[in-house]
Amino acid sequence: MLELLAGMFSYPFLTRAMCVGVLVALCAALLGVSLVLKRYSMIGDGLSHVGFGALSIAMALGLAPLAVSVPVVVIAAFFLLRISENSQIKGDAAIALIASSALAIGVIVTSFTSGMNADVYGYMFGSILAMSEEDVVFSVALSVVVLCLFVLCYNKMFAVTFDEAFAQATGVHTKFYNMLLALLTALTIVIGMRIMGAMLISSLIIFPALTAMRVCKSFRGVMITAAAVSVACFFVGMAASFLFSLPAGASVVVVNLVVFLLFALAGFLKGRAAFG
Amino acid sequence: MALISCKNLWMAYENQVVVEDVSFEIQKGDYVCIVGENGSGKSTLLKGLLGLKTPKSGEITYGEGLKQDMIGYLPQQTVVQKDFPASVWEVVLSGCLNRRGWKPFYTAAERKIAQKNIEKLSIGNILKKSYRELSGGQQQRVLLARALCATEKLLLLDEPVTGLDPLATAELYGMIKQLNREGVTIVMVSHDLNCALHNADKILHMDTQVRFFGPAAEYEKSPLCRRFLGGDFHA
C-alpha cells in the first residue's frame with residue numbers, strides 16, 4: 001500500500017492531479033447534493049459540454065484554457081439556471097440542446113485547427129497530464145473559495161433546497177442562493193473537467209449525492225457521506241488507473257458506480273429489515 | 001391597528017388579472033379562512049401577503065410590529081420534498097432562518113426556540129427520523145413547527161389538509177385551533193368549506209374579487225355560501 005502511494009507521488013504530474021482532484025471531488029459532492037435534490041442535475045451535464053466547447057476554442061486561438069472557459073461556463077450557468085427555473089420540461093430539452101450544440105461547435109473548431117487528436121481525446125475523457133503548475137495553484141485557490149462559500153451558506157442552502165417558497169417567505173434571497181449554487185457548480189466543473197473529461201465530470205457531481213441518499217436520513221449525513229465517498233472513490237480510481245494503466249477519469253467513474261451499487265444494496269437490505 | 005390590511009390590491013400573471021381590487025383587514029387573533037373555487041385567486045393573494053409575488057397595484061401594510069419575513073408559512077408540499085433526506089430536527093430548525101440575517105450559523109437561543117416548538121407539536125419522538133419516512137400528518141406537524149419558529153404572531157396556511165386521511169385532518173385542525181387560542185393569528189386557504197365554517201371566525205370568499213368578508217356565522221346564512229356548498233344543502 002505504502003509502496004503504491006510512494007510510487008504514485010513520485011510522479012509530479014500525478015501529485016498535481018491528485019491535489020486538484022481531491023478538492024474537486026469534495027466540491028462536486030457537496031454541490032451535487034443540492035443540485036440533485038433540486039432536480040438540477042442536468043445543469044451540471046450541460047455545463048461540462050459548454051466547457052468542452054470553450055476549451056476547444058481557447059486551444060484553437062492559443063489562449064489560456066482556464067481564462068477562457070471560466071467566464072464562458074459561468075455565463076452559461078446563469079443562463080441554464082434561468083431556463084430551468086422558468087419551466088421544467090422545456091428547460092430539460094433546452095439544456096440538452098445547448099449542451100450538444102456547444103459540443104458540436106467545439107468539435108468543429110478543433111477539426112479546423114489540429115484535427116481530432118490526443119488533445120481532443122484528453123478534453124473529452126480527461127487527462128492527468130493536463131495540469132500545469134499555474135493550473136494547480138489556480139484550481140486549488142478556486143476550490144478553497146468554493147468550499148468556504150459553501151460552508152458559510154450551508155444553512156441557507158438547506159432551506160432553499162428543501163423549500164424555496166418558505167425560504168423566500170422568511171426573507172432568504174433564494175434567487176441569490178440559486179445563482180451562487182450555479183456559479184460554484186460552474187467553477188467546479190471547469191476545474192474538474194481537465195482531469196475527469198467533459199463527458200465524465202458530471203458523474204462526480206451526481207454519483208456521490210445519489211450514493212449517500214441510499215442510506216442517509218439527514219441532510220448533514222448525506223453531505224458528509226457524499227463528501228467522504230467522493231474523495232475515497234477518486235483516490236481509489238486514481239490508484240486503479242495507476243496500477244492497471246487505465247484511463248484516470250473513467251476509472252474514477254467506475255469506482256463511483258460500484259460504490260453506488262453497494263450503497264443501493266445496503267439501503268435495500270436496510271429497508272427490508274425495517275419492514276421485516 | 002390591524003395586523004394586515006390590504007387596500008385596493010390588484011395582482012396579475014402576465015395580463016391575466018387574478019386578484020381584482022381586493023381590500024380587507026385582518027385583526028390580531030383572527031382565524032380567517034379564504035375560500036373560493038380553483039383559479040379564484042386565493043393562492044395568489046396568499047403569495048402577495050407573503051411577498052412572494054409583487055402586486056400590480058394597491059398596498060399591503062403590516063401593523064402591530066409584524067414584519068413581512070416574520071410570517072409563519074405552511075406551503076403546499078412540493079415534489080422535491082417527497083424523497084428529501086432531511087431529519088425532522090433540520091427541517092424545524094430551518095424555520096429560524098429569518099432571525100439570522102447574513103450570519104451563517106444557528107445560535108443556542110434558536111435551537112431552544114426549535115426545541116420549544118417541537119414539544120408544542122409533540123414531535124419529539126420522531127426527531128431523528130427522516131422527513132421522507134413520515135406519514136402525511138406527521139410531515140404537516142413538522143412543517144407547522146418550522147412555521148412557528150419563524151413567527152409567534154401570524155400563520156399562513158395553504159390548503160394544509162390536502163392528501164391527509166380524516167383522522168390526521170381532524171388532528172391538524174385541532175392543533176391549528178389550539179394555536180389560535182394561544183394568540184396566533186391564522187389565515188388559511190382551504191377547499192374544505194365545512195371545516196372552514198366549523199373552525200374559522202371569519203370567512204373571505206374570493207372570486208377574483210372579494211365576494212364576502214365577515215363572520216363565519218353570517219356567511220353560513222348567506223345565499224353565496226349555500227350555492228358554494230351546492231349539493232350538500234339540497235340533499
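Author: A salt bridge is a side-chain nitrogen of Lys or Arg within 4 Å of a carboxyl oxygen of Asp or Glu. This is a predicted model, in which local features need pLDDT of at least 70 and side-chain atom pairs pLDDT 80 or more, while totals for chains, interfaces and linings use all residues. Residues are numbered from 1 along each chain, chains are lettered from A and ligands numbered from 1 as written, and side-chain values use heavy atoms without hydrogens or water.

Reader: Why is the pair B:K120 and B:E182 called a salt bridge?

Author: The closest N and O atoms of B:K120 and B:E182 are 3.6 Å apart; the limit is 4 Å, so the pair qualifies. The rule finds two salt bridges across the interface of domain 1 and domain 2 of chain B.

Reader: Which residues make up each domain of chain B?

Author: The assignment, automatic or from a database, gives domain 1 as 1–66 + 153–215 + 226–235 and domain 2 as 77–151. Contact (heavy atoms within 4.5 Å) takes 13 residues from domain 1 of chain B and ten residues from domain 2 of chain B.

Reader: How much area do domain 1 and domain 2 of chain B bury between them?

Author: They bury about 920 Å², 73% of it on carbon and sulfur atoms; buried area is the accessible area (1.4 Å probe) lost on being put together, summed over both parts. In domain 1 of chain B, B:L155, B:M175 and B:L179 lose the most area to domain 2 of chain B, together 42% of what that side buries.

Terms used
Buried area is the accessible area (1.4 Å probe) that two parts lose on being put together, summed over both.
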